Amino acid sequence: GTTHSFSASKMGRLTLLTTLIASTAALQRSPLRNVAQRKAQNAAPVREQQATGLAENLENVLEPVGDVVVTAMRVGTCALMIHHGLDKIVNVDGFSANVVQKFFGFLPGPAPFWTLSAAATQVVGAGFLAIGLFSRPAAAAMTATMLTAVIFHLENTGPEGFPLAVVKQHSYNYELAAMYVLVLGYFSIAGAGPWSVDEQVLGGELEFYEQTFENAKAKLSKD
């Protein structure tokens, strides 16, 4: 009986000692965890600020590069476009007979009117878009002209095995016109970009149209 009591007492002391050691270790770890949590919480805003700063730096670098690319594409496209209009002006009768009357005879009015209209979009429109003045209407007019050119080539020679054919002339007849449609379509939607008369002089193309419309509306309401 005495041996049993001694063993029970010894076991109780051992259990109490184990509990005290575990509690002490837990108390020691708790401040450490709190410190680690505070460090993690403080580090999170720093990481966010660093990421934001990196994004802003990249934007500051890439935005001017993008502006240069867009401007070069705009001016280059117009420089390549203008001679197509000049060609029509010096050959009104030939273009009217071989293109307008032959493939677009359903259009009302005389064929030379449509020839000169197309030439105007390619000469005057190219001039306006090159300097970035009234860019969206100019680009839209040029897009319509080049889309008509795509239709003409498709009616004249067909799709020519697009997209995998190897053609004798090394490019589809409608290929250049289609590329013009894509590029000019972009400027019809996006405008000329920041390096343009629209943005630098008019204060923004869309804003200029809106203000002009509001002024005209106010004037008509007074009358």
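Why does Thr 145 count as buried? Thr 145 counts as buried because its relative accessibility is 13%, and buried means under 20% relative accessible area, exposed over 50% and partly exposed in between, with a 1.4 Å probe and protein chains only. The tour below returns to this residue.

**Before starting**

The structure is a predicted model, in which local features need pLDDT of at least 70 and side-chain atom pairs count only at pLDDT 80 or more, while totals for chains, interfaces and linings use all residues. Residues are numbered from 1 along each chain as its sequence is written, and side-chain values use heavy atoms, with hydrogens and water left out.

**The whole chain**

Display the chain as a cartoon. It contains 7 helices and 0 strands; helices (H or I, at least four residues) and strands (E, at least two) are DSSP runs, numbered from the N terminus. Of the 223 residues, 26% count as buried. The chain exposes about 15,100 Å², of which carbon and sulfur atoms supply 67%; accessible areas come from the Shrake-Rupley method with a 1.4 Å probe, and for residues only the protein chains shown count as cover. Among contacts between residues at least 6 apart in sequence, 68% join residues at least 24 apart, where contact means heavy atoms within 4.5 Å.

**Stop 1: the nonpolar patch**

Select Ile 82, Leu 86, Ile 89, Val 90 and Leu 116, which make a nonpolar surface patch of about 440 Å². Patches are made of residues with over 30% relative accessible area and no salt bridge; like charges are joined within 9 Å, and nonpolar side chains (Val, Leu, Ile, Met, Phe, Trp, Tyr) within 5 Å. Helix H1 (residues 2-90) gives the most to this patch, with 4 residues. Ile 89 has its place in helix H1 and is partly exposed, with a relative accessible area of 44%.

**Stop 2: helix H2 and Ser 96**

Move on to helix H2 (residues 92-103), where Ser 96 is found. The end C-alpha atoms of H2 are 15 Å apart, which agrees with the 16 Å that its 12 residues should span at 1.5 Å a residue; the expected span is 1.5 Å times one less than the number of residues. The buried residues of H2 are Val 92, Gly 94, Ser 96, Val 99, Val 100 and Phe 103.

Centre the view on Ser 96, whose relative accessible area is 3%. A polar atom of the Ser 96 side chain lies 2.7 Å from the backbone oxygen of Val 92. Not counting residues up to four places away in sequence, Ser 96 touches Gln 101, Ala 111, Pro 112 and Thr 115.

**Stop 3**

Select helix H4 (residues 135-157), which has 23 residues and reaches 32 Å from its first C-alpha to its last, close to the 33 Å expected at 1.5 Å a residue. Its buried residues include Ala 138, Met 142 and Phe 152. Thr 145 has its place in this helix. The side chains of Thr 145 and Thr 121 make a polar contact of 2.7 Å; a polar contact is a pair of N or O atoms within 3.5 Å, and within protein one must be able to donate a hydrogen and the other to accept it, with residues adjacent in sequence counting only if both atoms are side-chain atoms. Leaving aside neighbours within four places in sequence, Thr 145 is in contact with Ala 118, Thr 121 and Gln 122.

Next, select Ala 177, found in helix H5 (residues 175-190). The C-alpha atoms of Ala 177 and Thr 145 are separated by 9.2 Å, although the two residues are 32 apart along the chain. Ala 177 counts as buried at 5% relative accessibility. Not counting residues up to four places away in sequence, Ala 177 touches Met 146, Ala 149 and Val 150.

**Stop 4: the salt bridge**

How many salt bridges does a search of the whole structure find? The search finds 1, and the side chains that meet in it are those of Arg 136 and Glu 205 (2.7 Å, N to O). The pair links distant parts of the chain, with Arg 136 in helix H4 and Glu 205 in helix H7 (residues 205-222), 69 residues apart. A salt bridge is a side-chain nitrogen of Lys or Arg within 4 Å of a carboxyl oxygen of Asp or Glu. Both Arg 136 and Glu 205 are buried.

**Stop 5: backbone features in the loops**

Finish with the loop between H4 and H5, where Pro 163 lies. The peptide bond from Phe 162 to Pro 163 is cis, with omega near 10°. His 170 lies in this loop as well and has a positive phi of about 75° although it is not a glycine. His 170 is exposed, with a relative accessible area of 75%.
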